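Dear colleague,

I am passing on the structure below, and my notes on what was found in it follow directly after it. Please read them with the structure open beside you.

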Amino acid sequence: MSIVWRRAVKRFGDRTALASLDLEVEHGEVLALVGGSGSGKSTALKLVNRLLDPDEGAVLVDGEDVRAIEPHALRRRVGYVFQRLGLFPHWTVAENIGATPSLLGWDRARIDRRVDALLARVELDPAVVRGRFAHELSGGQAQRVAVARALAAEPPVLLLDEPFGALDAITRGQLQRRFVEIHRELGFTGVFVTHDLGEALLVADRVAVLADGALVQVGEGRELYERPADRYVASLVEAAIEQADLLRSRLCVRGESP
Amino acid sequence: MTDPLLAALPERLAAHVALALTALAAGIAVALPLGVWASRRPRVALSVGAVAGAVQTVPSLALLAFMVPLLAAMGLRAIGYLPALLALSLYSVLPVLRNTVAAMRALDPAVLEAADGVGMTPGQRLFRVELPLAAPLVVAGVRTSVVWTVGSATLSTPVGATSLGDYIFAGLQTSNHRSVLVGCVASALLALALDAIVALAERGFVRRRRAWIASALVALLVIVAGASVTLARGRRASGRGAITIGAKTFTEQYILARVLSRQIQRRAGSEARVLDSLGSTVAFDALAANQIDAYVDYTGTLWTTILHRAEIIRDRRRLRDELDRALRARYGVRIVASLGFENTYAIAVRRSLATERRLRTITDLARESPSLSIAGDYEIFSRPEWRTIEQAYAPRFASQRSMDPALLYDAARSGQVDAITAFSTDGRIATYDLVVCDDDRAVIPPYDAVVLVSARVARERPDVVAALAALERSIDAAAMRAANARVDAQHEDPGRVAETLLRR
């Protein structure tokens with residue numbers, strides 16, 4: 001399922017959060033939206049599942065204008081993970097993951113099987129965490145549950161809004177790798193919002209850089225490195241590389257090669 | 001049960017439960033949707049909160065009393081169950097409303113975004129996520145409402161609704177502490193029981209124990225069923241065609257209402273029941289609206305507070321005739337008998353104080369007033385009679401306060417106040433060795449006790465009118481004072497004392 005932003009504009013009062021975005025995610029591809037705060041990347045994402053509606057232009061999913069679809073019906077086909085998770089505190093892990101399937105009217109047994117399969121997929125032991133509540137989970141476990149919940153109804157589209165931003169470096173690394181594997185297994189079309197170009201390069205097929213509500217450049221990592229569209233893109237790439245170099249030089253003193 | 005006090009308990013308790021629970025149900029039914037709606041509109045939430053808060057600051061007794069003329073003006077049944085229900089419902093709204101708004105606004109925005117994100121419709125979001133998460137705080141508001149409403153329901157007695165308050169009001173008036181205790185303890189136990197039931201349901205919701213919720217529901221159903229059965233049985237017993245006699249909130253009225261009801265039973269062969277402890281003007285309003293059939297009032301009171309007439313007529317015969325004419329013309333209400341005594345406002349002081357300061361008349365009292373304190377019942381200082389006294393004698397009391405009429409005489413005897421406004425037939429004037437100051441300028445109008453009947457009874461029940469008319473001049477002031485003393489000082493049952501008054 002493809003996603004297309006066609007001259008999409010979103011304003012909040014006087015401020016233009018998104019100025020005429022033209023962008024496309026191909027079927028089965030993961031596109032990263034990268035930019036600083038206020039760049040419009042989260043706004044662009046929320047136009048896809050109608051948490052926001054554009055003031056001008058349109059967003060198409062699988063060729064259909066999303067505004068022609070009831071929000072709740074649309075969202076049952078579009079998985080959504082965001083940084084603050086929003087696990088339902090009065091529901092168990094199993095009930096959280098089963099949220100969308102139960103809204104779709106799946107039977108109990110099918111939901112149970114699906115929950116167990118998803119917990120295994122995000123590397124949690126169903127026997128241990130199924131009956132737990134959100135406050136009984138670690139940050140990493142909660143984030144895995146949130147990903148599982150978004151995938152529960154086998155959505156063809158998955159939206160992620162800085163999903164791993166609040167995690168420690170090790171857990172984040174594990175989850176980034178796991179995400180790539182899951183994508184390879186399931187093949188959904190994904191949009192992954194992050195402010196971290198390094199993360200974007202790890203999880204996405206292509207990267208779109210936004211600044212001040214406008215698209216600056218879109219392409220694979222190598223294109224951004226070799227032909228940056230402007231100084232901002234160049235400095236983003238440089239910063240990521242410098243960071244890696246700096247780490248290497250700090251860790252590999254006395255000239256040994258890593 | 002032979003104890004007349006406890007014999008009335010099932011009916012009063014049942015009526016109290018029915019009143020409080022219905023009011024709570026209505027209050028919650030309004031507050032919950034209103035709270036949810038208001039929580040999404042900050043400006044609405046603010047003004048709704050302000051209005052509900054303003055209702056709450058109105059003393060509950062005043063709110064209850066206010067319902068009577070309000071309902072009467074709308075042409076609805078103005079005394080009894082309806083005004084009490086309305087006032088209590090209004091009262092029960094605020095805690096639930098306030099907590100609902102607070103709970104809904106305190107919900108984690110991330111959780112709400114997630115609810116949208118997984119594909120819930122607004123209704124599913126409300127019932128599956130928002131309300132369950134708001135529930136503990138909302139239920140806390142319900143518990144506050146339960147305790148308030150059950151407690152405030154005791155105040156519905158003066159508007160004519162049966163409740164446990166009947167024990168408290170009658171007990172306070174007749175210094176029957178056992179009666180007050182029965183009313184307070186029963187009402188407190190009821191509040192605690194209902195609170196415990198709601199608490200059990202709440203914990204059941206939070207810990208997701210179906211059994212707890214079910215037990216709470218069963219307990220509630222048992223209470224409701226018990227109350228309904230008791231009320232239904234009582235209603236069947238009272239039957240149709242029964243006459244209702246009103247009584248205001250003091251001993252003499254309790255006795256006289258029973259004199260009237262027994263007279264009707266005996267002479268007209270008709271069932272008659274007594275509605276005790278009505279507010280002073282509630283009684284007349286109820287009579288004018290045909291919601292009670294008869295009661296005893298006093299000519300001076302009718303003249304000033306019902307007809308709002310300022311001039312003072314000292315001729316008893318003329319006053320009664322003019323009253324009868326005016327009440328009949330305006331309300332269809334008729335005076336059918338003068339009982340034969342007067343219960344006038346009087347100012348009384350301790351005998352020792354009267355001797356020491358040489359207080360024989362109100363003129364004497366006014367002279368000494370700057371060093372004296374006075375206390376009166378709730379009404380007197382705002383009544384025209386008091387203005388007349390002020391104009392004629394110009395007293396300047398060092399302090400002036402209102403208290404429950406039942407406490408006035410004790411306060412005077414024990415020296416906590418120097419002068420009190422008293423009723424001339426009150427048995428305690430003699431019992432407590434108080435002295436009445438003479439109205440030497442004769443400004444206090446006559447207060448002859450008269451029997452009033454409603455327009456409906458005057459028109460349709462000549463047998464009742466004849467029975468009551470036969471009470472003409474049957475009770476003199478000495479007999480009334482003695483009867484009052486037997487109830488107030490010796491705690492005899494008003495019904496039994498009424499019996500002896502009739503037998504004389």
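In this predicted model, the side chains of A:R121 and A:E185 form a salt bridge with an N to O distance of 3.0 Å, the term being used for a side-chain nitrogen of Lys or Arg within 4 Å of a carboxyl oxygen of Asp or Glu. Local features need pLDDT of at least 70 and side-chain atom pairs pLDDT 80 or more, whereas totals for chains, interfaces and linings use all residues. Residues are numbered from 1 along each chain as its sequence is written, chains are lettered from A and ligands numbered from 1 in the order in which they are written, and side-chain values use heavy atoms, with hydrogens and water left out.

Chain A is assigned a domain 1 (1–77 + 161–258) and a domain 2 (87–154), with bounds that come from an automatic or database domain assignment. The C-alpha centres of these two domains of chain A are 26 Å apart, and 12 residues of domain 1 are in contact with 13 residues of domain 2, contact meaning heavy atoms within 4.5 Å. Between them the two domains of chain A bury about 1100 Å², 64% of it on carbon and sulfur atoms, where buried area is the accessible area (1.4 Å probe) that two parts lose on being put together, summed over both. On the domain 1 side, A:R76, A:L175 and A:R178 lose the most area to domain 2, together 46% of what that side buries. One salt bridge is found across this domain interface of chain A.

Turning to the contact between the chains, 24 residues come from chain A and 18 residues from chain B, and the area buried there is about 1700 Å², with 61% given by carbon and sulfur atoms. Of the area that chain A buries against chain B, A:F88, A:H90 and A:L103 supply 31%, more than any other three residues. The two chains share two salt bridges, and the side chains of A:R84 and B:E113 meet in a salt bridge at 3.2 Å, N to O.

Chain B, for its part, is divided into domain 1 (4–237), domain 2 (243–342 + 449–503) and domain 3 (345–437), and the C-alpha centres of its domain 1 and domain 3 lie 42 Å apart.

With best wishes
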